[in-house]
Amino acid sequence: MPTSPPTLVAGVHCSAHQLRILVCDAATGTPLRQGRAAYAEGASTTPGAWLRAFGEAAAGGLLDGVAAIAVAAQNHGAVPLDAQGVILGHPLPDEDPSASGAAADLVDALGGPAAWTAATGAVPGSSSAIAQLRRFARFEPEAVTRIATVLLPHDWVTWQLLGCPPDPVTDRSDASTTGYYATTGEWREDLMHLAIGRVPRTPIVLPPGTTAGRTPEGILVAPGTGGEAALALGADLADGDVVVALGTTGVAFAAHPVPLADPAGVVGSYADATGRYLPLVRTLNAARVLRGTASMLGVDAEEFDRIALECTPGASGLVLLPYLEGEHIPDLPHAAGTLTGLRRESMTPPALARAGVEGMLCGISDALDALRDRDVAVERLILIGPGARSAAVAGIAPALLGVPTAVPPAALAGRFVARGAARQAAWALFGVLPEWPADIDTFVEPDEDELALGDAVRAQYREVRNRLHPGAVTPPRESAETSGRHRRG
């Protein structure tokens, strides 16, 4: 007896370098086909490039038979439009520090980090929409007077899919990253006015599980969501799961049932795409530490991994504080990296390679401690991103970070965001969030001997960090959620 063809949904991921469309079975989440298209060089933050890449990725009938679609995007910058929908400015790349001065001005103008976390859940950084709008107002004052609407990147692509209706939409997760969306769930017009001296229109915030409309071809469109929120959906994060994304910089975030209040602004409290929250910590140094150390040694990535794993834990006493571009955790914006413990036995390529990996991971450990200290459970880690592809990182991380750790294959990890968007599309289609298995079934759990070695490496790192930067890290309070396997400090 013939079976009915599966109902199809699609997820779109506008990343920093390419646009991916993943078509899945709506009931099971099984990927069935995909298309990808890179942006033209230097056009990664140009909305027109996203639209052209969408057309290229969808070529050849990729979306034939698709019943619903949703868009996720990584870039949190603003897309200002005039009254005719013409783009007045482009968002900056996530790692572009050009708006950091504008962000600092805004923090001071409202009264410091505690005022911002009370108002919006997070302190604005250079990638936030409010900081980029502030910078735009400084350098393009005439254009700012013509802004009629401000969208986020995923909002703009969704708006295009819907045929540019009069009322653009967004979702709570991306709205919470803007810097002008309140923890209580409404736009803060006063903060928008603080940034640019006027109040353009903002999109309608749709509740989780709802629909935004249909494309001119009749495909149902979900609200879409932000990159981290889509990844959380795609990886099916449970309580205690933490994603650590090791790009040039590092990001650690977890699913959490309630919003957090961190007056210091170390942990940002963002909304997710389901009605829960995503406490998130950023570090300034992750994969750049691995690349920089490999460059010092004059080796490629494969050789770097090989020699790092040759060395014993602790790198013969060599410690690298990986603050190559300053650091956010601990708060050392003007610090530089430091290499200590040089002795005859530690002056070897394997020791330096091992110190680079351990230093980077100890920096991530500080970020995880910041989550623990805000009562976020850290029970399992999922490592993704370019830094996670390092065999040395994958081999050293479970013991050093002290919790079961998974490093999904790059092909699987690369689909998480698009898969999460597709799952949101299925939710809009069915009216209930479907159960899609995450396919992450290999968590490496360190044994007691490995945990003891990891404790020793972290203790060695903490001693150097606290001696060279006294007072930068305050002793963490003990928490019922703290894992006994990982002593913090």
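Author: Start with Arg188 and Asp190, whose side chains meet in a salt bridge, with N and O 2.7 Å apart. A salt bridge here is a side-chain nitrogen of Lys or Arg within 4 Å of a carboxyl oxygen of Asp or Glu. Arg188 has a relative accessible area of 23%, so it counts as partly exposed, and Asp190, at 42%, is partly exposed as well. For those words the cut-offs are: buried is under 20% relative accessible area, exposed is over 50%, and partly exposed is in between, using a 1.4 Å probe and protein chains only.

Before we go on, remember that this is a predicted model: local features need pLDDT of at least 70, side-chain atom pairs count only at pLDDT 80 or more, and totals for chains, interfaces and linings use all residues. Residues are numbered from 1 along each chain as its sequence is written, and side-chain values use heavy atoms, with hydrogens and water left out.

The structure holds 17 salt bridges in total. Another one pairs Arg374 with Asp262, and their closest N and O atoms are 3.2 Å apart. Arg374 sits in the loop between α12 and β18, while Asp262 sits in the loop between β13 (250–254) and β14 (268–271), so this pair ties together parts that are 112 residues apart in sequence. (Helices, H or I with at least four residues, and strands, E with at least two, are DSSP runs numbered from the N terminus.) With a relative accessible area of 4%, Asp262 is buried.

Now follow Arg465, which forms a salt bridge with Asp366 at 2.7 Å between the closest N and O atoms. Here, too, distant parts of the chain get linked: Arg465 is in helix α16 and Asp366 in helix α12, 99 residues apart. Both Arg465 and Asp366 are buried. Salt bridges that share partners also join Asp262, Asp373 and Arg374 into one network.

Asp375 isn't a glycine, yet its phi is positive, about 65°. Its relative accessible area is 33%, so Asp375 is partly exposed.

Cys164 is another non-glycine with a positive phi, of about 60°. You'll find Cys164 in the loop between α6 (153–161) and β7 (169–171), and at 34% relative accessible area it is partly exposed.

There's a backbone detail at Pro330 as well: the peptide bond from Ile329 to Pro330 is cis, with omega near -5°. Pro330 belongs to the loop between β16 (319–321) and β17 (338–340).

Next, have a look at helix α9 (residues 227–234). Eight of its eight residues are buried, so α9 is largely enclosed by the rest of the structure. Among those buried residues are Glu228, Leu231 and Leu233. After α9 comes Asp236, with a positive phi near 55°.

For a contrast, go back to helix α16 (residues 448–468), where Glu448 is found. Glu448 has 61% relative accessibility, so it counts as exposed.
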